[in-house]
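Dear colleague,

My notes on it follow directly after.

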Amino acid sequence: MTIEIGLTLGILLIALVLFITEWIRMDLVALMVLSAIAVAGLVTPAEAVSGFSNPAVITVWAMFILSEGLTRAGIADHIGRSVLRTAGRSEGRTIVIFMIVGGLLSAFMNNIGVAALMLPVAIEVAHRSGVAPSRLLMPLAFGTLLGGLTTLIGTPPNLLASIALRDAGFSGFRFFDFSFVGLPILLGGTAFIVLFGRHLLPRTDTTRSHEGQPDLRTQYGLQERIFALRIPPNALLAGKTLDESGLASAAGLMIIALTRGGQTEALPDRQTVLRPGDVLLAQGRLERFDLLRQWNTLVIEREAPVLHGMLWKKTTFNELVIAENSALIGEPLHHRNFRERYAANVLAVRRDGTVRRTRLGEMVIAAGDRLLVQCANEALEALRRSPEFSGVAKVSEADLRETYRLKERLFVLRVPQESALAGTTVSENRLGDAFDFRLLGIFRAGELIESPPSEEIVQPADLLLIQGREEDLDVLRGLQELETLTDVAPYLGVFEQGQLDLIEATLHPRTELVGRSVADLKLNERHQVEVAAILRDGKPHRSGLGAMTLQRGDALLIVGPRRKLAELNQDQNLIVLNPVHVQPIDTRKAPLAGALMFLVVGSVLAGFLPIAIAAVAGATLMVLTRCLSMEQAYRSIDWRSIFLIAGMLPLGIAMQQTGTADYLADGILALIGPYGPWPVIAGLYAVTMLGKLVVPSAALVLLMAPIALAASADLGILPQAPMMAVAIAASASFASPVSHPANVLVMGPGGYRFVDYLKLGAPLTLLVFLLTAILLPVFWPLQ
């Protein structure tokens, strides 16, 4: 082994570890690889950046634009109407139609885009035909993956394998060369799922219907969380806006409608001023709201300097610095979660010289933030050891007084003997969840309990040392005055009369919002609609939604006026499963978009243009003919995939030039070479298939292509069969929901679990392998 081979293997190993652990996002890993091999001198500077001008990279981004043009031109609407007419009520027939249609579309479009395009159509067909969505959506996703195996542009691994062949001096694959193997695999996979595989899938959601809102409200359990509140005469909240009332920020309620003088306003603006007699239709947990209102029984102790002095003497205040690589970065600052995780109260945040002491729960944590915390000494030691913080320093009393002005916001509350809060734990009574209150200590029987834990039980006569604003207690008294109405039925007409509608949506595979809070969607600010519930792992969540972290596969129930919900059809972060259309979809451009795609394919088949030039020309014509705008074209490109491919291509060059590919190929041949070339090809297939579980498919092909080419040279065989085997194995992503974005996309709407993918995906993976082993020798002989 030479030094160059050792360096290349080292870089390869580190890249694999980073891909598997996901400590660093995959496109950044690719750029790190590019930089490392260039700095190490394993490739020239020109070779290091050659990936960005590679025909495969150019073709991939151009195909993203072509796919988006077909979608925006209304192709989905045409397909949906045709499928609705032909599907009927037969489950098997419906599965066949969706797998074949999805597969054929994926032969010419990006398979993630096809899955996103067909998902709402599949949901609608499932509900109209009575077929369970769970029996249809996974076959749809698998059909798009199988269809990608049928053409040169069906999936990036096919294109990358062909480019690798040409770069090595061999003939690359033609447009339909993959069809000889891929089309029988698509048909065989469809037959397997229809005859056997569909019986391995769960049967759920058979009664749901998007033609009526009551079913969605029932499925998400929304009906049991809706109640009505009336504002009495001379109420403290009269004259305040909805935002100032604390109904949303403190009580965690969503105000669905406001009725005043017989007129109902759906989803009233947060700046709407409340008046006596107003009836508010609210969604949330009534028991939590009632518990919050019981805070009204607490009594402010105006003179408590002794308790303040005890707190300063016994408690230490420290400043935590958020580390550059902290997992907290990008997360909202939730007082309760932070206290339970780190046993510390966050009292203020200092950022860029500015101190913020109010509404900290709305802040998103950033690197370098300085958090003023109060905690016990034991918790302080754990904070010093935590990798989330780069520094922990004690704050002087002078800084507390002058920089943080902490004493201005301290007051004491006494718990009366008859208070309903007595006997509840700190966690149960939501101390600190409402407004900006933080419980710094409890004075009981002459002793101070500093930074009480969540399980601490509040007792009668306790004195609670609170950091917050006394004026917030007036808002609490206003909440106490609200009248809860026993009959909510008269106010539900806001749904039945069409003022409000409900839609169901899931996150787009390319959204950047995974891991962010629901509040980061900013649906109210951008569209004046609200998230009413989230369905995750089959369980609905209906309260505390703003703070919930979004996950792939989540299904969101969104409420709003129809014309506003219709705007979500264009939201880049969401796929609406039951879209609302206030006007018919304009499909006049659909024939033109289809003709342009046909022109691209025809020019390649006829040999007039290389695939990269044809794709770029087609994408340009899509924009020029206004099938989509240039801004939409830019947004349609998955830049992560582009940088991943462009960054990893130079590693393939380094593997070939340094002899690393030959070194690894010799190792494989030493193990299975004596059995003949086809077992070697089977071994390459198996390694690629296993690698797909942890490495992105495009990067995997770029790593395996040099090894396959070197093994072919050593065996003295044509490299087309090994390269096709690698490409097919890299695209056969069935056994895990995370192995391909199309699989994740259908997980929430289908109500699938991880094991469901394994039960159907594992035998389908084996079938694809067997069909490949049978068909490759027939159509791609080795000599």
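In this predicted model, confidence within the protein chain is highest in helix α10 (residues 179-195), with a mean pLDDT of 93, and lowest in helix α11 (residues 213-219), where the mean is 57. Residues 206-214 have a pLDDT below 50, and this stretch makes 18 contacts in the model beyond near neighbours in sequence. Where pLDDT is low, the predicted coordinates should not be read in detail. For the protein chain as a whole, the mean pLDDT is 81, and 88% of the residues reach 70 or more.

Strand β2 (residues 254-260) has two antiparallel partners. Five bridges join β2 to strand β4 (residues 279-283), with Ala-257 paired to Leu-281. Four bridges join β2 to strand β3 (residues 263-266), and here Leu-258 stands opposite Glu-265. Two residues lie between the strands in the hairpin of β2 and β3, where Gly-261 adopts a positive phi near 60°. Six of the seven residues of β2 are buried.

The largest nonpolar core contains 146 residues, of which Phe-98, Phe-142, Phe-173, Met-648 and Met-723 touch the most other members. Helix α28 (residues 697-715) supplies the largest share of this core, 13 residues. Apart from neighbours within four places in sequence, the contacts of Phe-173 include Leu-152, Leu-165, Phe-178, Met-723, Met-724 and Trp-780, as well as Ser-162, Arg-166 and Gln-720. A second, separate core has 29 residues, among them Leu-237, Leu-439, Ile-466 and Leu-479.

With kind regards

How values were computed:
Residues numbered from 1 in each chain as written. Predicted model: local features only at pLDDT ≥ 70, side-chain atom pairs only at ≥ 80, totals over all residues. Heavy atoms only, no water. pLDDT = per-residue confidence, 0-100. Contact = heavy atoms within 4.5 Å. Buried < 20%, exposed > 50% of the residue type's maximum accessible area, 1.4 Å probe, protein only. Pairing = 2+ DSSP bridges. Core = buried A, V, L, I, M, F, W, Y, C linked by side-chain atoms within 4.5 Å.
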